Amino acid sequence: MLDPITRLETLLASNQTMNTPEWLEKRALPESIFARSYEIITDLERARLKTCMAGLFETYPPVSTTVEHKTTTSPSGLDSNFIEKPYDVCVVAFDTRFQSPARLLACLIPAITSRIPLVLVTGIGMEPSQWPAAVVVALELAGIEAVLSLEHHSWKPFLSQLRSSSTVCVITPQNDFFDNPDMYSACCHVPKWQPAMPSGIGIIDADEEIDEDTLCFCHAGEPLHHFKTLEAPAEQGYFPGLFVVSSDFELDTLVDMTTCTVQAGRESEFVWPDLDASFFRYIHRTFLAPDMATLAMQTIKPY
C-alpha cells in the first residue's frame, strides 16, 4: 500500500505545475513544526486529545468492508447495481481562524475509520508558523501524514487536479469556511460538509465545577458564555452550539436547544452530531437495461 505522500504525488503527476517534488515539498508542513508543537503541548493536554479520540473511535467504529456490491431486483423485474466504497481522498480544510484540536479530530477520525486511502489536511492561506501547536499535535496523534499549507490561489486548481484522477470529498471543522465564495466555488461540484452547529460554548452555572481549562484547550478559538439559568440564552437571543452542564442537570430540557451537550467530567469529549459516517462513502448506481424476456413479460396483460 502506498504511503500518503507517495499517493498524493501520484494524484498530482499529470499536472504540469504540481507534479514536481519541489511544489509539494514547499507546501508540506515541515517536520520542525511538528517537533516544536510536541514540545509546546503538555502531557496533560495530549491526554485530553487522546480521550477525545477514544470517544470518537467508539462513535465511528471502523467499517467492516471497504467495497460493497449489491444487485437489486424491483417488483417489476428490473435490475439495478449498487456500489459503495470510501472516497479515494478526503480533504480536511480550514484557514487561519481555526484553532480547535477537538473539532478537527471530530472530522479526522470518521474519515480514518471509513478507510479512505488518503486523508489530506490543508491549511488555506496559512504559513507554517501559523499552525496552532494543539492542532498539529492532534494531526500527529491521529496519524495524518499528508499536511499542506496552500495559498488561496492554489486551492481551486489543487482540488480540480485531485478530482481529475480520484473521487474526492471535502470536509471542514470550521462553521463558516464555505461562507467564503472562493472556498465554496472551488468545490461546488464536490461532496462537502460544514458544521451546522453554531459557534460558542454555553456553560450553565452550577455548584459543580466545570473544567474550563480543558474546554478552552480542546475548543480553542470558541468563546465561552456563562448563563445563570437555562432561560438566559433565550432571553439574550443567543444559543451556543455546545452546552456544558453539571452531572445532575436535567438533560431533557436541552434537547431542543442544542445538538451536543457535555456534562462535567467529560469536557475532553466532542463529536459533530450531524456528521454521519455515510458522508465518507462514494455511491454509484447503475440501472440495468431490461432483457427481452423481462420486457416481454411486462407487456403481457392478463384477461
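Trainee: Why is R115 called partly exposed?
Mentor: The relative accessible area of R115 is 39%. Buried means under 20% relative accessible area and exposed means over 50%, with partly exposed in between (1.4 Å probe, protein chains only). R115 is therefore partly exposed at 39%. R115 is found in the loop between α5 (101-113) and β4 (118-124); helices (H or I, at least four residues) and strands (E, at least two) are DSSP runs, numbered from the N terminus. Phi of R115 is near 65°, a positive value in a residue other than glycine.

Trainee: What kind of model is this, and what limits apply?
Mentor: This is a predicted model, in which local features need pLDDT of at least 70 and side-chain atom pairs count only at pLDDT 80 or more, while totals for chains, interfaces and linings use all residues. Residues are numbered from 1 along each chain as its sequence is written, and side-chain values use heavy atoms, with hydrogens and water left out.

Trainee: What pLDDT does the chain average, and where does pLDDT stay under 50?
Mentor: pLDDT is the predictor's confidence in each residue, from 0 to 100. The chain averages 89, and 95% of the residues score at least 70. Over residues 299-303, however, pLDDT stays under 50, and the model has zero contacts there beyond four places in sequence; contact means heavy atoms within 4.5 Å. Where pLDDT is low, the predicted coordinates should not be read in detail.

Trainee: Is Q161 buried or exposed?
Mentor: Q161 has 7% relative accessibility and therefore counts as buried. Its place is in helix α7 (residues 152-165). Leaving aside neighbours within four places in sequence, Q161 is in contact with L11, L12, S14, N15 and M18.

Trainee: What makes the pairing of Q161 with S14 a polar contact?
Mentor: A polar contact is a pair of N or O atoms within 3.5 Å; within protein, one must be able to donate a hydrogen and the other to accept it, and residues adjacent in sequence count only if both atoms are side-chain atoms. The side chains of Q161 and S14 are joined at 2.9 Å. The side chain of Q161 also makes a polar contact with that of N15, at 3.4 Å.

Trainee: How do you know that S246 counts as buried?
Mentor: S246 counts as buried because its relative accessibility is 5%. This serine lies in the loop between β10 and β11. The side chain of S246 makes a polar contact with the side chain of D248 (2.6 Å). Beyond four places in sequence, S246 is in contact with A206, E208, I210, Q263 and A264.

Trainee: How do you know that β8 and β10 pair?
Mentor: Two strands pair if DSSP finds at least two bridges between them. Strand β8 (residues 201-204) and strand β10 (residues 242-245) share three bridges, in the parallel sense; the bridge partner of G202 is F243 in β10. β8 and β9 pair in the parallel sense as well, over four bridges, and I201 stands opposite L224 in β9. From β8, I201 and I203 point one way and G202 and I204 the other way, and all are buried.

Trainee: In what order do the four strands of the parallel sheet lie?
Mentor: The order of this open sheet is β9-β8-β10-β11. The edge strands are β9 (224-227) and β11 (260-263), each pairing on one side only.

Trainee: Why do β1 and β12 stand at the edges?
Mentor: An open sheet of three strands has the order β1-β2-β12, with antiparallel pairing. β1 (68-73) and β12 (281-287) each have a single partner strand, so one side of each is left without a neighbour in the sheet. Six bridges join β1 to strand β2 (residues 79-86), and E68 stands opposite E84 in β2.

Trainee: Which members of the largest nonpolar core touch the most other members?
Mentor: A nonpolar core is a set of buried Ala, Val, Leu, Ile, Met, Phe, Trp, Tyr and Cys residues joined through side-chain atoms within 4.5 Å. Of the 57 residues in the largest core, V92, L105, L108, W131, I171 and F280 touch the most other members. Apart from it lies another core, of 27 residues, among them L12, V170, F177 and A186.
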